[in-house]
Amino acid sequence: MSQLEIPEFLDYASWSEALKDGTLLGQECADCGHQTAAPKAACVRCGSRDISTVELETTGEVYSESTIAVSPIGFDAGFQIAIVQLGEAKTVGRVSDDVEIGDTVTLSDVFEHEGQPSPVFESVEE
């Protein structure tokens, strides 16, 4: 875990600032326990507004993956993205090497485009 002060209220600015420092923040619902990996105004599972900011694990399992062959303007083509299961939460990020569903990955870097960060994961040798 990092030395980052965890904000009481998680918004995009505090989420992206933490990510740039190598910390993945999410939210946990006090009513149903559901975790998300991105700021929300309410729990996406039960609708409760009783949610708190939590620090997420940085190592997880590839839940799904895809290769972007035709990239948006400003991006190099041919990169892989994955949905990564981090404990109870899932997040989307780039992967720095070929991964398959079920592989273990860890947060290794942050990709930034026009000031907007996204997590980069790499395979963990098992």
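Thr 36 lies in strand β2, which covers residues 35–36. Strands here are DSSP runs of E with at least two residues, helices are DSSP runs of H or I with at least four, and both are numbered from the N terminus. The model is a predicted one, in which local features need pLDDT of at least 70 and side-chain atom pairs count only at pLDDT 80 or more, while totals for chains, interfaces and linings use all residues. Residues are numbered from 1 along each chain as its sequence is written, and side-chain values use heavy atoms, with hydrogens and water left out.

**Surroundings of Thr 36**

With a relative accessible area of 10%, Thr 36 is buried. Buried means under 20% relative accessible area, exposed means over 50%, and partly exposed lies in between, for a 1.4 Å probe and protein chains only. Leaving aside residues up to four places away in sequence, Thr 36 touches Gly 26, Gln 27, Val 44, Leu 56 and Ala 89; a contact requires heavy atoms within 4.5 Å. Leu 25 stands eleven residues from Thr 36 in sequence, and their C-alpha atoms are 8.9 Å apart.

**The chain as a whole**

Read from the N terminus, their order is α-β-β-β-β-β-β-β-β. A compact globule of 126 residues would have a radius of gyration near 14 Å, and the 15 Å of the protein chain agrees with this. That radius is taken over C-alpha atoms, and the globule rule is 2.2 Å times the number of residues to the power 0.38. The C-alpha trace spans about 40 × 30 × 30 Å along its principal axes.

Of the 126 residues, 35% count as buried. Among contacts with a separation of 6 or more, 45% join residues 24 or more positions apart. The protein chain carries 6 positive and 24 negative side chains, and the centres of the two sets lie 10 Å apart. Lys and Arg count as positive and Asp and Glu as negative, whereas His and the chain ends are not counted. Each charge is placed at NZ of Lys, CZ of Arg, CG of Asp or CD of Glu.

**Helix α1**

Helix α1 comprises residues 12–20, and its buried residues are Ser 14, Trp 15, Ser 16, Ala 18 and Leu 19. Their cover includes β1 (25–29), β7 (104–113) and β8 (116–123). Just after α1, Gly 22 adopts a positive phi of about 90°.

**Cysteines and glycines**

A search of the whole structure finds zero disulfides, a disulfide being a pair of cysteine sulfur atoms within 2.5 Å. The cysteine sulfur closest to that of Cys 43 belongs to Cys 32 and is 3.6 Å away, which is too far for a bond. Cys 46 is likewise in no disulfide, and its nearest cysteine sulfur, that of Cys 29, is 3.6 Å away.

Gly 33 is found in the loop between β1 and β2. Gly 74 belongs to the loop between β4 (59–68) and β5 (79–86). Its C-alpha atom is 29 Å from that of Leu 10, a residue 64 positions away along the chain.

The table lists the accessibility of these residues.

| Residue | Relative accessibility | Class |
|---|---|---|
| Cys 43 | 9% | buried |
| Cys 46 | 41% | partly exposed |
| Gly 33 | 34% | partly exposed |
| Gly 74 | 60% | exposed |
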